[in-house]
Amino acid sequence: MFRRWLGGLALAISVSIAPVWANENHDVYSDDSESALETYNRAMFDFNTGFNHYVLMPVAEFYRDVTSPFVRRRLRNLFDNLQEPVSAGNYLLQAEPKQSGVSLSRFVINSTLGLLGMFDVADAWGLKQEQTNFDDTFAKWCIPDGPFIVLPFIGPSTPRAATSMALGFVMDPVYWSTTNDANVHDKVTYGLAAVYAVVIMEENMDLLNDLEKNSVDFYATMKAAYMQNRKNKGCFNDGAQSSAASYDFDFGIDETTDY
Amino acid sequence: MKKYIITTFCALLLNISAAQAAVDAAKAQQFVENVTRDGIENIINANVSQKEKDERFAKLFNSALDMNFIGQFVLGRYWRTATPAQREAFIKAYREMNVKTWSKRFDEFKGRDFKFLGTTPSNSANQVFVNSEVPMPEGQPAKVVWRVKQDGNNFKIVDIIIENVSLAITARNEYSAYIKKAPNGVDDLIKDLQQKAGK
C-alpha cells in the first residue's frame, strides 16, 4: 500500500510539474531561485527537516543505542540484498549482461548461504557488490533528470529519480512475492519501508546534522550537492567524455589582492 | 579523407599538449599526495594534544588551499559589487569557518589511505584535476578529485570534488541563495560565517 502510494505520488508529481520543468532553467550552477517550484520545495524541505528532527532522528538514535555496528551491518546487508534483482534487471537494460549475472549470482548465493543476505558470502568469491538502479538506466538512455524537487518524507529528488524509485520498489522481490495476500503485503511493505528509513537515517544523521550546522542556507546546500552528485552518470550518446567536473573556474578577476 | 582525420587528430593533440604545458600534472599530483600524507602523518596519527592538532591543521589548510581564489569564486557576482572591506572580512570569515569545520571532521580519515589515480586536464588556465579515491568502511571507495592551480613552482588546491560534489560550487550556490534573501546581503553572510567559526 505504502509503495503503491509512493508510486502514485511520484507519477502525480511528474505530471503536475511537467509544465514547470519545460520552462525552468535547471542548471545546477545558476542560482535563480524565483520560481513557484522553489517556494514549494523550500516549504516541503522545512517540513521534512522538522519531521527528521522530531521523529526519524530520535528513532534512529534509539536504534543506534540498542544495536551494535555488527547487527546494523547485518540489517543493512539484508536490504542491500533485496536490491540485487533490481540491479540485475537494470544491468540488462543497460546492455551489461555480465554485471547482470554478477548481481543475480550474488542474490542467489547470499540469499541462501548468506542467510537472507545478512552475510555477503559472494564478496569473498570475487563477486563484488556493484549496485545499479532504474535511475542509472534512464541516465544511460539519455533521459533528462528534470528539476530539483523535494518529496514529502523522502526528501531531495527529481522527476527521473522519483520515477526510478517507484519502479525500483515494484521490482523489489518482497513486493512481488507477497502480492497474493493483500493484508500481509501491506504490513510487510509498510514495515520494511519504515525500518529502511530508520536504517538509512542512522547512517546519515551525523553528516546531515553537521551539514545543517555549518550551512547558512541548508536548502541551497542540499540542492546543490544533490544535483551535482547525480551528474556524470554517463549517457550512451556522450562518447568518451571526461567525467571530471568541467565548470569554468576562470572568473575574470582583475584584482588579486591578498587578504 | 583518412589523412585529413589524422591531421586533425594530430592538430588536436598538439593543441591539447600546448594548453597543458602550463601545468606540470605529475608535480601537481605529487603536491596533493604530500598534502594528504602530511595531514595523515603529522596531524591525524601524531601523538599531540587536540589544540596542537588544530593549530597544525590550520597551518596545513592555509598553505595548501588558495582561500583568496576560492573565496572569490564562491562569492560569485557579489564579489564584484562588494567593497574592499567586505571582501577582506568575507575571506577571513570563510577561511576560519572552513578551518573550524574541517578540523573537526579531519579525524574521520584516520586509518584510510588515499589512492592516487593520475590527472585529468582542465579547461581553466594553469589548472589540473588530480584524481584519487578513499576506501570507505563498507562498500565502494569514495571518489575525491582535487582541482590544483599552478603558479610558477607553487601549487595550491582550489577545489575538492567529492563524489561529483564540488565544495566550491556548493558553497557558491548556498551563499548566492543566502545573499539574495538576506536584508543586508553580504554583511549578513559575513556575520553568520563569523558566528559559525566562533562556535
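In this predicted model, chain B contains an open sheet of 5 strands, ordered β1-β2-β3-β4-β5, with antiparallel pairing. Two strands form the edges of the sheet: β1 (115-121) and β5 (165-166) of chain B. Each of these pairs on one side only.

The pairings can be followed along the sheet. β1(B) pairs with strand β2 (residues 127-134) of chain B. The sense is antiparallel, and the pair is joined by 5 bridges. Within this pair, Thr119(B) has Val130(B) of β2(B) as its bridge partner.

Strand β3 (residues 142-151) and strand β4 (residues 154-162) of chain B are also antiparallel, with 8 bridges between them. The hairpin of β3(B) and β4(B) leaves 2 residues between the strands. In that hairpin, Gly152(B) adopts a positive phi near 65 degrees.

Ile162(B) finds its bridge partner in Val165(B) of β5(B). The hairpin of β4(B) and β5(B) has 2 residues between the strands. Glu163(B) takes a positive phi near 50 degrees in this hairpin.

Chain B has 8 helices and 5 strands. Along the sequence, these elements follow the pattern α-α-α-α-α-α-β-β-β-β-β-α-α. Chain B comprises 199 residues, of which 35% count as buried. Contacts in chain B were also examined by sequence separation. Among those between residues at least 6 apart in sequence, 51% join residues at least 24 apart.

Helix packing was described for one pair. Two packed helices are described by the angle between their axes and the distance between the axes. Helix α4 (residues 67-75) of chain B packs against helix α6 (residues 84-105) of chain B at an angle of about 105 degrees. The axes of α4(B) and α6(B) lie 10 Å apart. The angle therefore makes α4(B) roughly perpendicular to α6(B). On the α4(B) side, the contact is made by Met67(B), Asn68(B), Gly71(B), Val74(B) and Leu75(B). On the α6(B) side, Phe90(B), Ile91(B), Tyr94(B) and Arg95(B) contribute. The residues of the contact of α4(B) with α6(B) comprise 6 nonpolar, 2 polar and 1 charged.

Terms used: Residues numbered from 1 in each chain as written. Chains lettered and ligands numbered in written order. Predicted model: local features only at pLDDT ≥ 70, side-chain atom pairs only at ≥ 80, totals over all residues. Helix = DSSP H or I, 4+ residues; strand = E, 2+ residues; numbered from the N terminus. Buried ≥ 20, exposed ≤ 12 C-beta atoms within 10 Å, placed from the backbone. Contact = placed C-beta atoms within 7 Å. Axes fitted to C-alpha atoms, helices over the stretch in contact; angles between N-to-C directions. Parallel < 35°, antiparallel > 145°, perpendicular 65-115°, else oblique. Nonpolar A, V, L, I, M, F, W, Y, C, P; charged D, E, K, R; others polar. Pairing = 2+ DSSP bridges.
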